[in-house]
Amino acid sequence: MIITKKRVTEQKRTSHTARLFGLHFPMRLEPAVYGLTENMSEDYSGGYWDFWELSNGGFYMSPSSQNKFRVSCMNDYAGEMSADALGITACLYAYSHLSFGKERQFTDTCIQQYHWLRDYALDHDEAGEIFRAVD
């Protein structure tokens, strides 16, 4: 089955993330994604992010940019990615990291979101880069 994405509208961003993550989104997930992105790409300097809803229930966010980003990760990956692939990579890292917390409901949500996003990334045009970065 092909997993599709749909942009979360401006009007639904807050309610969508609240439904999925509650207060953990603005307090933990969103800052983690931004911080990881800053660490992975010296080309990233903040800005507006798009929110994406996946047809399998998943969610990710990506910088709203047409630029390519140079990316380097602690696993020795170095390459170039679109903003979309960078967002997927940062969200996979964030979900993985946050899944080791003590708040069971949130960690379970992060685990499920990781798997849903990973399933989507398998068919992404930049799947090779994404998986080399998160391996």
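How many disulfides does the structure hold? The structure holds 0 disulfides, a disulfide being a pair of cysteine sulfur atoms within 2.5 Å. The model examined here is predicted: local features need pLDDT of at least 70, side-chain atom pairs count only at pLDDT 80 or more, and totals for chains, interfaces and linings use all residues. Residues are numbered from 1 along each chain as its sequence is written, and side-chain values use heavy atoms, with hydrogens and water left out.

The cysteines come next. The sulfur of Cys91 has its closest cysteine sulfur in Cys110, 10 Å away, which is too far for a bond. Seen from Cys110, the closest cysteine sulfur is that of Cys91, again at 10 Å and too far for a bond. Cys91 is buried, with a relative accessible area of 2%. Cys110 is also buried, at 0% relative accessibility. Here buried means under 20% relative accessible area, exposed means over 50%, and partly exposed lies in between (1.4 Å probe, protein chains only).

The overall fold was then described. The protein contains 5 helices and 5 strands. Helices (H or I, at least four residues) and strands (E, at least two) are DSSP runs, numbered from the N terminus. Along the sequence, the elements follow the pattern β-α-α-β-β-β-β-α-α-α. The radius of gyration is 14 Å, close to the 14 Å that the globule rule gives for 135 residues, so the protein is as compact as a globular protein of that length. This radius is taken over C-alpha atoms, and the globule rule is 2.2 Å times the number of residues to the power 0.38. Taken along the principal axes, the C-alpha atoms fill a box of roughly 35 × 35 × 30 Å.

Of its 135 residues, 45% count as buried. The protein exposes about 7,700 Å², and carbon and sulfur atoms supply 50% of that area. Accessible areas come from the Shrake-Rupley method with a 1.4 Å probe; for residues, only the protein chains shown count as cover. There are 13 positive and 18 negative charges, and their mean positions are 6 Å apart. Lys and Arg count as positive and Asp and Glu as negative, while His and the chain ends are not counted. The place of a charge is NZ of Lys, CZ of Arg, CG of Asp or CD of Glu.

Among contacts between residues at least 6 apart in sequence, 65% join residues at least 24 apart. Contact means heavy atoms within 4.5 Å. Helix α3 (residues 83–98) holds Ala94. Ala94 is buried, with a relative accessible area of 0%. Leaving aside neighbours within four places in sequence, Ala94 is in contact with Leu29, Ala32, Val33 and Leu36. Ala94 and Val33 are 61 residues apart along the chain, yet their C-alpha atoms are separated by 5.8 Å.

Helix α2 (residues 24–40) includes Phe25. Phe25 is buried, with a relative accessible area of 4%. Not counting residues up to four places away in sequence, Phe25 touches Thr17, Glu30, Pro31, Phe51, Phe59 and Met61.

Leu20 lies in helix α1 (residues 13–21). At 17% relative accessibility, Leu20 counts as buried. Beyond residues up to four places away in sequence, Leu20 touches Phe59, Thr109 and Gln113. Leu20 and Cys110 are 90 residues apart in sequence and 9.7 Å apart in space, C-alpha to C-alpha. Thr109 belongs to helix α4 (residues 104–121). Thr109 touches Leu20 and Phe21, not counting residues up to four places away in sequence. The C-alpha atoms of Thr109 and His97, 12 residues apart along the chain, are separated by 12 Å.

One backbone angle was also noted. Most residues other than glycine have a negative phi. Asp76 has a positive phi of about 75 degrees although it is not a glycine. Asp76 sits in the loop between β4 (68–72) and β5 (78–82). Asp76 is exposed, with a relative accessible area of 73%.
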